[in-house]
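Work through the exercises below with the sequence and the model side by side, and try each task before reading its solution.

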Amino acid sequence: MLPPEIELDAELRKVVTIRACCTLRLFVPIKGRPAPEVKWTREHGESLDRASIESTSSYTLLIVENVNRFDSGKYILTIENSSGSKSAFVNVRVLDTPGAPQDLKIKEVTKSSVTLTWEPPLIDGGSKIKNYIVEKRESTRKAYSTVNANCHKTSWKVDSLQEGCNYYFRVLAENEYGIGLPVETSESVKVSERPLPPGKITLLDVTRNSVSLSWEKPEHDGGSRILGYIVEMQSKGSEKWSTCATVKVTEATITGLIQGEEYTFRVSAQNEKGISDPRQLGIPVVAKDLVIPPAFKLLFTTFSVLAGEDLKVDVPFVGRPKPAVFWHKDNVALKQTTRVNAESSENNTVLTIKEACREDVGSYLVKLTNSAGEATETLNIVVLDKPGPPTGPVKVDEVTADSITISWEPPKYDGGSSINNYIVEKRDTSTTTWHIVSSVFLSWSKPIYDGGSEIQGYIVEKCDVSDGEWSICTPPTGIKNTHMEVEKLVEKHEYKFRICAVNKAGVGEHADVLDSVIVEEKMEAPDLDLDMELRKIVNVRAGGSLRLFVPIRGRPTPEVKWGKMDGEIREAAIIDTTSSFTSLVLDNVNRFDTGKYTLTLENSSGTKSAFVTVRVLDTPSAPVNLKIREITKDSVSLSWEPPLLDGGAKIKNYIIEKREATRKSYAAVVTNCHKTSWKVDQLQEGCYYFFRISAENEYGIGLPEETSDPIKVAEVPQPPGKITVDDVTRNSVSLSWEKPEHDGGSKIIQYIVEMQAKGSEKWSECARVKTLEAVITNLTQGEEYLFRVMAVNEKGKSDPRALAVPIIAKDLVIEPDVRPAFHSYSIQVGQDLKVEVPIAGRPKPTVTWVKDGQPLRQTTRVNVSDLTDLTILNIKETSKEDGGTYEITVANVVGQKSASVEIITLDKPDPPVGPVKFDEISAESITLSWNPPAYTGGCQITNYVVHKRDTTTTVWETVSATVARTTLKVTKLKTGSEYQFRIFAENRYGQSFALESAPVVAQYPYKEPGPPGTPFVTTVTKDSMVVQWHEPINDGETFVLEADIHGKPIPDITWSKDGKDLEEATARMEIKSTIQKTILTVKDCIRLDGGQYTLNLRNVGGTKSIPITVKIILW
C-alpha cells in the first residue's frame, strides 16, 4: 500500500499565465497504490464541463481549449485511495479582457442627468483596469452611444439627457487586452424629478362645513406625468398639516370642517419621482356660509328660434346661499311640461323649449330670491315663423255699384318680423275660385285755381290702351278724396288715367297721368332689418350653435346669398330663406367659423348687402410661418408669427414641443413662452427632430404648427486633425490626416484638399476623397507648395487645417529601415503563417530574406511578397523544417539594414537523442539515461514515457508515463532476464516516436575474483612460516558513487580521494556529470581503492563538500 502523492512541476507551482483563446494543459504526475481516484474542482465551484480530463495510475491531465477570462482561478486536484488523500492546487491566470463591473447602481436622478456608481470587475483579465467606458441608450432605440470612453473612477454623472425620456445605461471595463463585458441597468431609468409646486390657488366657495378650491398646474412637471395632487389643511393654532384630499384634477372640495373655525390650505403635486414643495393659499379661510345677493350675468335678453326647433336659454347668476328660482310667462307662473321646462343649479338656470311654436312667444320673467335679497330679469323669446291671419272681422266700409271698400286689423302674431304687405283676394259667390284683386292707386293735388268756387269732387277716368275707350271710374258726382284705388283692372293690361275737378260751375279740364300704367305687382327694391345684436360682434362659445336671423323684404322676392369673407361657410351650415326672412344656423362651431358673414339680397329692383361679424370663443388656430433660424450641434432656433385666429381672446403664451423622428409622441420644451422665437437646446447631436408650436389663450391650447421635414441637429464639422506628409516625389505628394475631433453631429461625406503654389495667393482644389489620405499628382518638380484639408458634412465645409510647412516637389532619399513588430513567431505545424514586417526607405529598397544563413528558397508554399512599406512572408501548411532564424535585409542607394525574426514551429517533439545508457545495473534494477530531443516541438518537454519488454516477448509494458528528467531507475526486474527499453518524449502537442535501447541483462556487474599470485615464503622459524602472495589481478567488483546536484548557476563539480583531486577518467575509474547528477564508477576494485572520497561543488553562491568513506572488503 502506498499513500497518494502529487508531483507538481515547478512551473505549476507558480501562476500559470495563458492568453485567451489558447489551450490550457495541466499535466500532473501522481503516485499511489492502489491507483488513487482523481478529482479536479474549481475554488468557487465553477463548472468544468468545458474541461477534458485524462487520468491514469501515474498522471492526470486537464485540458481546457479556447480559454477565456472565466477560466481564471484556482484548479484544485484531489487524489484519494485507501491509504489516504492528497490535494494540491494550480493558480491559472487567463490574459483576457475584463469581466463585467459589479453592483451598478443609480445614485441620483434629476430632470437632465443620472449619476451612476459601480464596483470593479471580479475578473480583471490578468491585467490592471485602465479605465471604464460609460454608455447610454434610449429605451426606444437598440444601439448604445458612448458617454465617456476614458473614465478613471467608479462613478459618473451622465448629463444633457432628454427630460422625460427613459434610458438604459451600461459600463464596461478596459485593460491592455481590450474592452470587457458590460454590466447594464436591468430596467430603464426615467430622467425626471419632483414637479414644481402647483400654480395659483383660487378659493371657489366656502360654506359652514366645506371649502372648494382650484389651482393651476405646475409650471413644470419634472419630466414625468402628474399623478395627482395632495391637499393639506392646518387649523388655526395648530402646527400640524393633515391631508384632507387626494385628487387627480385641479380642484377639490374639502368637507367636514367646523363652522367658524379658521383654516389654512396648501396643495402639492405628485409624480412618479415624488411630491413637490407645497403651494399655500394666500389667506386663511373661515368656515362659514357666504351671503351674496342674487345677480344675473346675462349677455343677451332676447332669444330667437325657428319654429319647430329646440331652444335652450342659459341664464347664469350668482348668489349665496343658493337662490330660489321662479319663472313667469306673460305675468303667469310658467307651467312646466315635458316640452317646456326649467332646471336650476348652483350658478345657473336653464329654460328648455322643445319644438318651439308661436305659443312660446312672449316675455319671460326670471326671479331669484335668497336671504340676501332678490333680482328679476325679463327675457324676450321670439319664434320666427310666418305671421298669423289678420285680425277680423273684415269691415265693409263702403259699397257702390261697382266697388267695395274693406278694412281689417293687423295679425296678433307677426311671426317675429314686421308685416311687409297684405294680399287681398275675391271670388264670385257662384264659384269657388279666388282671384287676387288687381288695382292701381292714384293720388293727386288740388287744382291751383278752383274757378272761384269750392271744389266739390274729382272724376277719375281710365282708358285700356288695347281698345282706346275711356270710361269713368268714379260716381258721376265724383269723389271728394285726392286719392283713389282703381279696381277691376285686367292684370298685365296697360291703362291711361286722367282726373277732372268738379265745382258748381261744372267739370274742369282733365289732368293726365304722365305715363301709362301696366297693371302688375308693385316692384320693391330689396331691404333687410339687422337686429341691434347683429350689428355688434356676435360672440359664441366653441361647440355651441351660431344662429343668424335676418328679416328681409322686396318685390319680387329677392334672391338670398350668404357668404364669408376670407373663406367659405362650412357645408354643415343650414340656410333657410322665405320671402320675409333668411336664417343661417351653424352647430358645433369652432375657431374657423370666426369671421365676417355677408348677406346679399337681389331682385329686379336692385341689391342690398350687409355683414355680421362673428367671433367664436375658442382656442387659437395654428401659428404661421414657422421657420428654422439656426442649427448647431445641440440646438435649433425657431421663429414664427401669431395665429391668424386668436380664438376671440388674447394669446397668453406659446408651447414649444419636440419629437425625435424615430418616435411618435412629442415632449414639451417650454410651456410658457411669451415671444415668437425660441432656442431649443440640449438636443442629441446627430439626431433628427420635428418641432411644433401651439398658441394658448384663456380657452385653452390651440392647433399646432409643425415642421414639415425632420431637422438634423448638426453643424459644419471641426477641421481635420494633424496632417502628415507620407511621401514626396518629383511630381506628387502623399498626404494623410486624422479625423476631425467632432463631425458636427453629421457623417463626414468627404474631404477637400487644396494647394497653393509659392508666390500665389490663390488656393485651388486638387483632390476630393472619402478616406483620410490623398495623393496629389501633376506637381512641378522643384516647386514649393502649401496644402490644406477641409472636412465636409451635409451642413457644409469645416474650416481648413493647413500643413505646417511647405513641401518642395522632389524625390526623397531616405536610408532603408526594417523593424519587425515581433522578434519571434510561433505557429502550429500544418497551419498557415503570415509574417508582415514594416520597411521604409527612399527610393524603395530591395528586400532579401535569408533562412539559417542560406538565401530563402521560394516555392508555392513558401514565398515573399513586397509592398511599398511592407515585406510579407507567407508559409502555407507550416512544417517543422520551417522553424529557424530568418534574416531580412533592405538596401537602396543610401545604405542597407538587417533584422531577424525567429519562427518557432509547434509540433510533437522528435525522439530523445540516444544512445540509451545503462548507468547502473543490478540483479533487480537498471538505471537508464538519455539526452533530450534535438527538436522539442517549439515548446517545453512536459514528460517522458518509458516502456520495457522482456526480449523473449514482443509485448511492451509502461514503466512510467510521467518521467520529468532524462534518467530513470527501472526496478523489480527478474534476475538474469534480458530487457530492452524504449523512451518517448512528450509535449503539449503530442508524443514523439520512440528511442530504443540495446538489450541488457539484469545481473550484478561483478564476477568471481581472479586467482591470487603464486605464494612464497618470506620467513621461517622453528615452528612457523610466513607465506605471502599477491592480490588477484581483478576481484570482479565495481562500486558506484552517485549524487543529485542542485544550484544556480550550475555549480562546478570535482571529486577528490584522500585530499587528492581525481582525474576525470582512468582505465578503471570513470566520472560522469550532468546538470542534475554526478556519478563516480570504479571497476575491478582493489583494496587500494578504499578511502575518503569527497564531492566538491562550487558556484558564485558558495561551495559545498560531501565526504564519502569507501571500505574494500576482501573475501
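Predicted model: local features only at pLDDT ≥ 70, side-chain atom pairs only at ≥ 80, totals over all residues.

Residues are numbered from 1 along each chain as its sequence is written, and side-chain values use heavy atoms, with hydrogens and water left out.

**Exercise 1. Cavities**

Task: Find how many cavities of 30 Å³ or more there are, and state which residues line the largest cavity.

Solution: Begin with the term: on a 1 Å grid over the protein atoms alone, a cavity is a set of points where a 1.4 Å probe fits but cannot get out, and lining residues have an atom within 4 Å of a point. Grid points are joined across faces, edges and corners, and a volume is the space filled by probe spheres set on the points. By this rule there are 2 cavities of 30 Å³ or more.

Next, take the largest cavity, which holds about 70 Å³ of space. Its lining consists of S304, V305, L306, L384, R547, L548, F549, S583, L584 and V585. The elements that contribute two or more residues to this lining are β27 (302–306), β48 (546–555) and β51 (581–586), where strands are DSSP runs of E with at least two residues, numbered from the N terminus.

Finally, turn to the second largest cavity, with a volume of about 40 Å³. The residues around the second largest cavity are E138, S160, L161, Q162, Y167, E660, Q682, L683, Q684 and Y689, and they divide into 4 nonpolar, 4 polar and 2 charged.

**Exercise 2. Ring contacts**

Solution: Rings of Phe, Tyr and Trp (its six-membered ring) pair if their centres lie within 6.5 Å, and planes under 30 degrees apart count as stacked, over 60 as edge-to-face and the rest as tilted. The structure holds 17 aromatic pairs. Because W118 belongs to strand β10 (residues 114–119) and Y132 to strand β11 (residues 131–138), the pair ties together parts that are 14 residues apart in sequence.

For accessibility, buried means under 20% relative accessible area, exposed over 50%, and partly exposed in between (1.4 Å probe, protein chains only). Elsewhere, ring pairs link F918, Y979 and F981 into a cluster.

A charge sits over a ring if NZ of Lys or CZ of Arg is within 6 Å of the ring centre and within 35 degrees of the ring normal. The charged end of R498 is placed in this way over the ring of W470, 4.0 Å from its centre, and R692 lies over the face of Y666, at 4.0 Å from the ring centre.

**Exercise 3. A repeated annotation**

Task: Which residues does UniProt list for "domain: Fibronectin type-III"?

Solution: The unreviewed UniProt entry lists residues 100–194, 197–290, 425–522, 622–716, 719–812 and 912–1005; its positions are given in the numbering used here, feature names are shortened, and annotations may be inferred rather than shown by experiment. Residues 197–290 are 0% helix and 50% strand, with end C-alpha atoms 29 Å apart. Residues 719–812 are 0% helix and 48% strand, and their end C-alpha atoms are 29 Å apart.

**Exercise 4. Backbone details**

Task: Locate the cis peptide bond from R33 to P34, and find where S160 lies.

Solution: Most residues other than glycine have a negative phi, and most peptide bonds are trans. The bond from R33 to P34 is cis, with omega near -5°, and P34 falls in the loop between β3 (24–33) and β4 (37–42). A cis bond also joins K1048 and P1049, with omega about -5°.

S160, in the loop between β13 (155–158) and β14 (166–175), has a positive phi near 55° and is partly exposed, with a relative accessible area of 46%.

Conventions:
1 Å grid on protein atoms, 1.4 Å probe; cavity = no way out; pocket = protein on both sides within 12 Å on 5 of 7 lines; lining within 4 Å. Helix = DSSP H or I, 4+ residues; strand = E, 2+ residues; numbered from the N terminus. Nonpolar A, V, L, I, M, F, W, Y, C, P; charged D, E, K, R; others polar.
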